[in-house]
Amino acid sequence: MPHGTLEVVLVSAKGLEDSDFLNSMDPYVLLTCRTQDQKSNVASGQGTTPEWNETFIFNVSEGTTELKAKIFDTDVGTEDDPLGEATISLEAVFLEGDIPPSAYNVVKDEEFKGEIWIALSFKPSENRSRGFEEESYGGWKNSEASY
């Protein structure tokens, strides 16, 4: 299982559903990688084609398989409107190391609601020894301990 650092570059979105009838939307993104949440800046007044160009860093550990990007529209005085979300498998970035900015489908209620552009890069931890897996099973190496 990969351990290391995942760098997420939140580039932009397009084709989002407009949830504000009188004003331009003020979208932001909540990124979730397992138990870690990070929130982007609000793209004030950028409507259905916001640009963020922000970088986020997540620590990757056992069991990390996907990144979720939930898009919201900021509303003053009421709860923020959910615009949709994208679920991004991390398998490719663990194998390749870098994924250039790519479009991921934004879905809400099982319907296509636009796309979000995200770049990914993964740097494995350097403190893992090559024999780590072998040692983690125990066996004869642990049998010499004095009790």
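At 46% relative accessibility, Glu111 counts as partly exposed. Buried means under 20% relative accessible area, exposed over 50%, and partly exposed in between, using a 1.4 Å probe and protein chains only. This is a predicted model, in which local features need pLDDT of at least 70 and side-chain atom pairs count only at pLDDT 80 or more, while totals for chains, interfaces and linings use all residues. Residues are numbered from 1 along each chain as its sequence is written, and side-chain values use heavy atoms, with hydrogens and water left out.

Glu111 meets Lys113 in a salt bridge, 3.6 Å from N to O. A salt bridge here is a side-chain nitrogen of Lys or Arg within 4 Å of a carboxyl oxygen of Asp or Glu. Glu17 also forms a salt bridge with Lys113, and the closest N and O atoms are 3.2 Å apart. Glu17 sits in the loop between strand S1 (4–14) and strand S2 (27–33), and Lys113 in strand S8 (residues 111–124), so this pair ties together parts 96 residues apart in sequence. Strands (E, at least two residues) and helices (H or I, at least four) are DSSP runs, numbered from the N terminus. Lys113 is buried, with a relative accessible area of 15%. Glu17 is partly exposed, at 37%.

## Other salt bridges

How many salt bridges does the structure hold? There are five. One of them pairs Glu85 with Lys68, with the closest N and O atoms 3.4 Å apart. Glu85 lies in strand S6 (residues 81–89) and Lys68 in strand S5, so the pair ties together parts 17 residues apart in sequence. Glu85 is partly exposed at 27% relative accessibility. Lys68 is partly exposed too, with a relative accessible area of 24%.

## Glu66 in strand S5

Glu66 lies in strand S5 (residues 66–73). Glu66 counts as partly exposed, at 33% relative accessibility. Ile88 is 22 residues away from Glu66 in sequence, but the two C-alpha atoms are 5.4 Å apart. Contact means heavy atoms within 4.5 Å. Leaving out residues up to four places away in sequence, Glu66 touches Thr32, Cys33, Arg34, Thr87, Ile88, Ser89 and Leu90.

## Ser40, a buried loop residue

Ser40 lies in the loop between strand S3 (36–39) and strand S4 (51–60). Is Ser40 buried or exposed? Ser40 is buried, with a relative accessible area of 4%. The Ser40 side chain reaches the backbone nitrogen of Val29 at 2.8 Å. Beyond neighbours within four places in sequence, Ser40 contacts Leu10, Tyr28, Val29, Trp52, Glu54 and Phe56.

## The nonpolar core

A nonpolar core is a set of buried Ala, Val, Leu, Ile, Met, Phe, Trp, Tyr and Cys residues joined through side-chain atoms within 4.5 Å. The largest one has 30 residues, of which Leu6, Val8, Leu67, Ile116, Ile118 and Leu120 touch the most other members. S1, S2, S4, S5, S6, helix H1 (91–96), strand S7 (98–108) and S8 each supply at least two residues of this core. In soluble globular proteins, nonpolar side chains tend to be buried together.

Not counting residues up to four places away in sequence, Val8 touches Leu31, Glu54, Thr55, Phe56, Phe58, Leu67, Ile118, Ala119 and Leu120.

Notes:
Polar contact = N/O pair within 3.5 Å; in protein donor to acceptor, adjacent residues only side chain to side chain.
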